[in-house]
Amino acid sequence: MATASMCLPLRGIFDIEKEHFDVLLTQESLSWTHIGRKAKYSSSCDSTRCLKLKDVYAVKIKRRVRADNQGGYPLGFTLFHRKADKDTGQIKPAELLVTCGEEQLCQQWMHTIRRIIGDFPEIGRASCRERV
């Protein structure tokens, strides 16, 4: 079986929160850079965002379920991660949906992310994983 490092870096164009992004997956992080026109209020320093994979505890494909409950088509893949609350500083679970309608692409990214996060220590993940 191939290791995750053989497939990296992965790069693709996906939607996150209804905006188009150039998404890059490396061994340490998932980063996304806005594509297209930027809003008047945004600056270049906030156009790239990053999620450290050591904070990710699960990844799943999100699907639109058909009326007959026989499968469905993918909406994208969701990363479940921990995030510090800005007000209290407490660590709380959070989700990031990367929108992609192609089954093979979702599978490739999900399996690669799972292999990467499987290499990280389990410390601090058990309490978050129970909620997934």
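Because the model is predicted, local features are given only at pLDDT of at least 70 and side-chain atom pairs count only at pLDDT 80 or more, whereas totals for chains, interfaces and linings use all residues. Residues are numbered from 1 along each chain as its sequence is written, and side-chain values use heavy atoms, with hydrogens and water left out.

**Overall fold**

The protein has three helices and seven strands, taken as DSSP runs numbered from the N terminus (helices are H or I with at least four residues, strands are E with at least two). Read from the N terminus, the order of elements is α-β-β-β-β-β-β-β-α-α. Of the 132 residues in the protein, 32% are buried, where buried means under 20% relative accessible area, exposed over 50%, and partly exposed in between, with a 1.4 Å probe and protein chains only. Among contacts (heavy atoms within 4.5 Å) between residues at least 6 apart in sequence, 45% join residues at least 24 apart.

**The nonpolar core**

A nonpolar core is a set of buried Ala, Val, Leu, Ile, Met, Phe, Trp, Tyr and Cys residues joined through side-chain atoms within 4.5 Å. The largest such core holds 25 residues, of which L25, L30 and L79 touch the most other members. At least two residues of this core come from each of β1 (10-16), β2 (19-25), β3 (29-34), β5 (56-65), β6, β7 and α2 (103-118), and α2 supplies the largest share, six residues. Leaving aside residues up to four places away in sequence, L79 touches L30, L51, V56, A58, V59, A94, E95, L96, V98 and I113.

Strand β6 (residues 72-84) pairs with strand β7 (residues 91-99) in the antiparallel sense over nine bridges, pairing being assigned if DSSP finds at least two bridges between two strands. R82 stands opposite P93 in β7. Six residues lie between the strands of this hairpin, in which G89 takes a positive phi near 80°.

**The cysteines**

With a disulfide defined as a pair of cysteine sulfur atoms within 2.5 Å, the count comes to zero disulfides. C100 is in no disulfide, and the nearest cysteine sulfur, that of C106, is 4.1 Å away; C106 is likewise in no disulfide, with the sulfur of C100 as its nearest at 4.1 Å. Both residues are buried, as the table sets out.

| C100 | 7% | C106, 4.1 Å |
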